[in-house]
Every structure is written in structure tokens, then in C-alpha cells.
Amino acid sequence: MKPAEYYMRDRQHHAPALTPEYKTSVTRSPQYALLSLENSLSEITGPVFSHNDIDALDNDLIKNYTHGGDPIGERIIVHGRVLDENARPVPNTMVEIWQANAGGRYRHKKDTYLAPIDPNFGGCGRTMTDADGYYFFRTVKPGAYPWRNWVNNWRPAHIHVSVFGAAFAQRLITQLYFEGDPLIAKCPIVQTVPDAEAIDQMVAKLDLNATIPLDSIAYRFDIVLRGRRSTLFENRLEGN
Amino acid sequence: MPYLKETPSQTAGPYVHIGLAPKAAGFDIFKQELGWDIAGPNAKGERIRIEGCVYDGTGAPIKDVLLEAWQANAQGHYAHPEDGREVEDDFRGWGRVITDFDTGLWGFETVKPGATKGRNGSTQAPHINLWIVARGINLGLNTRLYFDDCDNSADPVLNLIEQVHRRQTLIATRHVSDEGVTYRFDIHIQGADETVFLDI
């Protein structure tokens, strides 16, 4: 494909920078307008990864930090496709995840929640999408946990998801929630996103067909990155 | 039109290190953490260090921030098929950096990039593209780092910044010591010195 621009990011589909109910955003949100750029080579390129960068077990959070046993918790598969806004697959791109354990505790020296660390659970994984943009992880379902915002805030069960895409302009970090969780509607972080359909895009759906009977429940989570134009207009990216 | 919509962004949260820099979270899981070596051993050009702090609207350093850098090599080539020009073996041009949890200082080593192609035949002054995520940042912030010892006067992006004095917020300052060349680049998320952030 000839170099072409990515579609403008629809900022009305994302959370604004300043979302006072999510208190930390108040002092961490720019107040001046962003400078809008047309894409140059700096934005339509981005890091390229290969299978040499990762290990085969990196997408299996049930086994990738085992210290002699499996982690406690509901065994799940999270799978789906990385697509762009034209519904084209994004192949060979890195997907990274991190999460709390089944009790809602992160393996992080800054997490002091009372729920215990699980000796067999690290809580991070990574994989590359295949030629069809498909990816999967095996893990345990994370627990909800309290956090300091209002005095009684609970994060819905969630998995953090980081995706690169093919260009720095497509770089994205989001969070995956689970269908049917009543905490989704109560969470000030989820609710920073203004649009109900947009929030629904972050909710993984129970996928019984992909469930492994007597073993693991599956959730489907497709990720959409910015799409790009297929044609160049007179305003060319490069001067040739 | 049946276009899909981009998945909304959410904050990387305070535990971003677990996923993207697990050693900093306090444990060792992957054989190889990504993004610690931006330029690789074979890259030509001047070896430099870049360091700084990211400050919040009260002026306090943000200690749980994560930055990613994306840059061309010393010849101005990006390691990407849509640039298509050669780069040195093991030059990826991408890095990931976190702060010291006590001070908020971050730093990384790389080579100084060359000028890159801009739009419509223009040339972009040497720069490093930065992406900043943290707790409290709902959608990653993009900015650029330029160098104070380069001629930035014709750069098409800097010249788009209407308030001329704000262009300085994207320019790193060079310091030379016995340990080598260090550029200082502080980022102010908010306030009178707010860094210019980009909607790319």
C-alpha cells in the first residue's frame, strides 16, 4: 500500500482529558488545545515486532509465572481480532495485557490491597496477532478491587490491553471489561467515555462456542484501531 | 457508512509497569523486556542520553508515568517498511521508559536522529516522537522532542505553533559532561508552561 494517512481520531468517541469524577485526571489533563497535525512519515511509521521478541508461553498467564502450580481463579480464554476502522485485520502486531489476580491484587510493589498475591500468577502476557489479526490469551478472571477516588469506589474486573498497530498513530491502551458486570456502570474510569456504544466496545462478550468444555470459559474481545485512507489526494505525504 | 469505530482508550493506570515493564513492578517474568535498547549496538551517529521529568498541574513530578519514544536513525530513516530505506541491524528506533519511583526522573540512551522527510517535500528537523501514558491520563498524549543545537527554524510542525514562545516547550537542552551528552526535556502536562501536545 502506498503511504496514506490515518483517519482523524474521533475524539468525541474517547474520554476527554479532564474528567473530574476520575479525580486524578484533574491535574493530569492538558488545558490548552492539542495541535492537530496531518500525518507525516513520523506518524505513519511505528515499531515493528516479530516472534523473536517474545516466547511461546508469554500469552498463557496460567503457566507463564507458575511456581509449581496453577493460579487460583476462574480459568478463561480471551480472544478476538485486531481490526482497523475499515474492518481490515491488523496482522503481526503486538498485543500486551496486564491484570490483577482472582482476588483483585496486582503483583506490583505499589499495590497494598489486602487480598493476597498468588504465588503462581504474574499477571502479564503478550502475543502477536496472526495474518488474520487474531490473538488469544489464557488467564484467570481478575477480581474487582477498591481504589481511592470517592471513598467507596470499586473497579470492575478488567484486563489492561496495549496494542501497537502498524503506525505510531495507531498506538492504543484500553481496558477490557466483562459482560454483565454491574460495576461497569458505577466506575468513574469507565464512565469517562461519554458514549454508551463506545463503552460497549470495551466489554468482552461471553463466547460459549469458543469455551473449552470442562476447562475454560471464553470471552470475545475485538479491538479496533484507527483506519486509513486507501487513496492519496493532491496533498502528498512525501515530496516525490 | 459501515466503518468500525476505534476502541476507546482508557488510562494505563498505576500498575502499567506490570504489563509493560514488569521488572520495575518488582518481578521477573519475560526473558526479554521490550524497549530498553532503542538504537542497538550498530547504530551510527552521536550517542546521547535524554532525561527529564513529567510534571502535573500542581508542579509535582508524575512518578507513575510511562513514555514511549519513536525515532529515526542518524540518517533520518525509520525502521519501518513504509519508510523503506535501510537502517542498521538491530536499530528499532522504539523505546519505553519509566521513572524512578522516588524522584520521577526518567532517562534513556539512544542516538541522535537525523532530519526526516516531511509532507509535500518539506524536511522535518531532527526529533523524537513521544507518547505519554499514566494514571489520570485517559488518552495517551503525543508530543515531540527537538534539539536545541539543531536548526529548527524551518520545521513544519514547530512553525504551526501559533504562540511562538510555546515552541520552546518541545526543545531539549544539551549538556556535555565527562559522562557524555545529555539532553534535558521536561514535560508539563498542565499550567503556564504546558507542553504542546499533538493530535496526530
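**Exercise 1. Determine which side chains meet B:Arg96 and B:Glu68 in the predicted model, and where the two residues lie.**

Step 1. A salt bridge joins the side chains of B:Arg96 and B:Glu68, with an N to O distance of 3.0 Å. The term requires a side-chain nitrogen of Lys or Arg within 4 Å of a carboxyl oxygen of Asp or Glu.

Step 2. B:Glu68 lies in strand β2 of chain B and B:Arg96 in strand β3 of chain B, so the pair ties together parts that are 28 residues apart in sequence. Strands (E, at least two residues) and helices (H or I, at least four) are DSSP runs, numbered from the N terminus.

Step 3. Both B:Arg96 and B:Glu68 are buried; buried means under 20% relative accessible area, exposed over 50%, and partly exposed in between (1.4 Å probe, protein chains only).

As to conventions, this is a predicted model in which local features need pLDDT of at least 70 and side-chain atom pairs count only at pLDDT 80 or more, while totals for chains, interfaces and linings use all residues. Residues are numbered from 1 along each chain as its sequence is written, chains are lettered from A and ligands numbered from 1 in the order in which they are written, and side-chain values use heavy atoms, with hydrogens and water left out.

**Exercise 2. Characterise the interface between chain B and chain A.**

Step 1. Contact (heavy atoms within 4.5 Å) involves 81 residues of chain B and 94 residues of chain A.

Step 2. The buried area is about 7,900 Å², 55% of which comes from carbon and sulfur atoms. Buried area is the accessible area (1.4 Å probe) that two parts lose on being put together, summed over both. B:Glu6, B:Gln10 and B:Arg119 supply 12% of the area that chain B buries against chain A, more than any other three residues.

Step 3. There are 12 salt bridges between the two chains. One of them joins B:Lys5 to A:Asp10, whose closest N and O atoms are 2.5 Å apart.

**Exercise 3. Locate B:Gly136 and identify its contacts.**

Step 1. B:Gly136 is situated in the loop between β7 and β8 of chain B, and is buried, with a relative accessible area of 0%.

Step 2. Apart from neighbours within four places in sequence, B:Gly136 is in contact with A:Tyr22, A:Thr24, A:Ser25, A:Arg28 and B:Thr11.

Step 3. B:Gly136 and B:Pro14 are 122 residues apart in sequence, and their C-alpha atoms are 8.8 Å apart in space.
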